[in-house]
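Please look over the sequence and the model shown here before reading on. The briefing is meant for someone meeting this structure for the first time.

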Amino acid sequence: MTSRTVAVVGGGIIGCLIAREVISRSPDTPVVVFDRDGIGSGASRRSAGLHFPRGATERVRQMSAYSHDYYADLAAKHPALPIHSLGMTVVATHTAASLAQIYLDRAALTPTDTVPGGLVQVPREAGVWRGQGCHYADVPALAQAIARELRPRVTFREGVRVTDVEAAGSEVLLRLSTGETCTAGRVVLAPGPWLTDRAWRDLVAPLHSRVKKVVAIHLEQEPGPADGVVVFQDEDAFLLPLRHRGHWLFSYTHDEWDVDPDTVSSGLDESVFAAAMPLLQQYSPTLAERVVGGRVFCDAYSVDRQPQVRALDPAGRVIFAGAANGSGYRLAPAIAAEAVGLLALDGQTSQPPKEMSPA
Ligand SMILES: Cc1cc2nc3c(=O)[nH]c(=O)nc-3n(C[C@H](O)[C@H](O)[C@H](O)COP(=O)(O)OP(=O)(O)OC[C@H]3O[C@@H](n4cnc5c(N)ncnc54)[C@H](O)[C@@H]3O)c2cc1C
């Protein structure tokens, strides 16, 4: 590694797309991705992988639109990638006007009466809208496919933990679990929920991001080929047909904060079912009877509920990219574009769209 090297710490979906972005803008820049586990581990391994074209703030809507186009282009160029398009139904007590402020035009929401498929019952006070522009991905498989594409140009050091990051003059020193010390010109930290790793705890602390438990329930019912995602807008929950796995998934908001990614994944417990079941029984008594298991992990959340992409040191050599609030898959291309825009690479061929530059 030399002072031209860009080191990416974390080989989840965000780290992989950062490496891809560096190579697409500056093909000769040496890039090394470190992951203490394997490519597509961490939150990416547990992700439901849903993309829907929406955002609660203007910046997130722009990031969502950018990422939407990026994934559409990727899927068109590489049809074998595990990216599956889906129809969408939104169930909400919001008026059409307030939904239009959240969903992008490309969602093309139109009012309808029922949720297709007959699995969901709509509360009397709620409305139903059909929409488009959704997909879901097998996120770990996608991260690994991206790494496969990059391997001739990018070095992936799996099973290697970064134990210290030190900005030193015009370089950054990385200490590794192997005992090596490496030098890079720039480092991007994409550590998912490992915010308090002692290698960067002090650098990341000023962001005030926190780690929240994220849970999804598996429902043992085969999705039909035409089934789409059903979004329960008021509860920030959704039912997703995971066609490639042959069952449905129910994602809902679980409020348990400051969990540790190294210990959180000890399986479903009673509190998980206690929180999920009333909602599921309200919307789909049929699927509520098919609960068999699920996935438990966590993700990094920012104070302002927008992804964090910023320099952590005065010289701008160490960049943080993440804290995407449970939306790190669907916003990953935009996060990667912002992060690489901060790197000031030699021979960079394009800049991120102006509206995506961090404030
Ligand atoms: C159950 C669940 C469902 C979700 N569903 C969705 C969804 O439907 N749509 C959506 O958009 N998002 C969803 N998310 C969120 C999304 O998965 C995450 O935001 C996203 O995967 C984060 O990607 P990342 O690359 O930042 O982090 P990660 O995927 O966590 O990757 C970080 C990597 O850093 C590595 N690492 C950590 N510390 C070190 C170190 N010291 N040295 C070297 N490597 C290190 C880890 O091993 C890990 O592989 C979900 C998350 C969960 C848990």
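This is a predicted model: local features need pLDDT of at least 70, side-chain atom pairs count only at pLDDT 80 or more; totals for chains, interfaces and linings use all residues.

Residues are numbered from 1 along each chain as its sequence is written, and side-chain values use heavy atoms, with hydrogens and water left out.

**Around the ligand**

- The shell around the ligand has 41 residues, of which D35, A43, S44, D299 and R330 come nearest, a residue being counted if one of its heavy atoms lies within 4 Å of the ligand.
- By class, this shell holds 19 nonpolar, 13 polar and 9 charged residues, where Asp, Glu, Lys and Arg count as charged, Ala, Val, Leu, Ile, Met, Phe, Trp, Tyr, Cys and Pro as nonpolar, and the others, Gly among them, as polar.
- At least three shell residues come from each of domain 1 (1-82 + 138-208 + 305-359) and domain 2 (86-133 + 210-301), with bounds taken from an automatic or database domain assignment.

**Polar contacts and burial**

- A polar backbone atom of G328 is 3.1 Å from an oxygen atom of the ligand.
- Taken alone, the ligand exposes 1,000 Å², and the protein buries 98% of that, by the Shrake-Rupley method with a 1.4 Å probe.

**An aromatic pair**

- The structure holds 8 aromatic pairs, meaning rings of Phe, Tyr and Trp (its six-membered ring) with centres within 6.5 Å.
- The rings of Y71 and Y329 have centres 4.7 Å apart and planes at 25°, so this pair is stacked, a label for planes under 30 degrees apart, with over 60 called edge-to-face and the rest tilted.

**A hairpin**

- In the hairpin of β17 and β18, which has 6 residues between the strands, G316 takes a positive phi near 70°.

Methods: A polar contact is a pair of N or O atoms within 3.5 Å; within protein, one must be able to donate a hydrogen and the other to accept it, and residues adjacent in sequence count only if both atoms are side-chain atoms. Two strands pair if DSSP finds at least two bridges between them. Helices (H or I, at least four residues) and strands (E, at least two) are DSSP runs, numbered from the N terminus.
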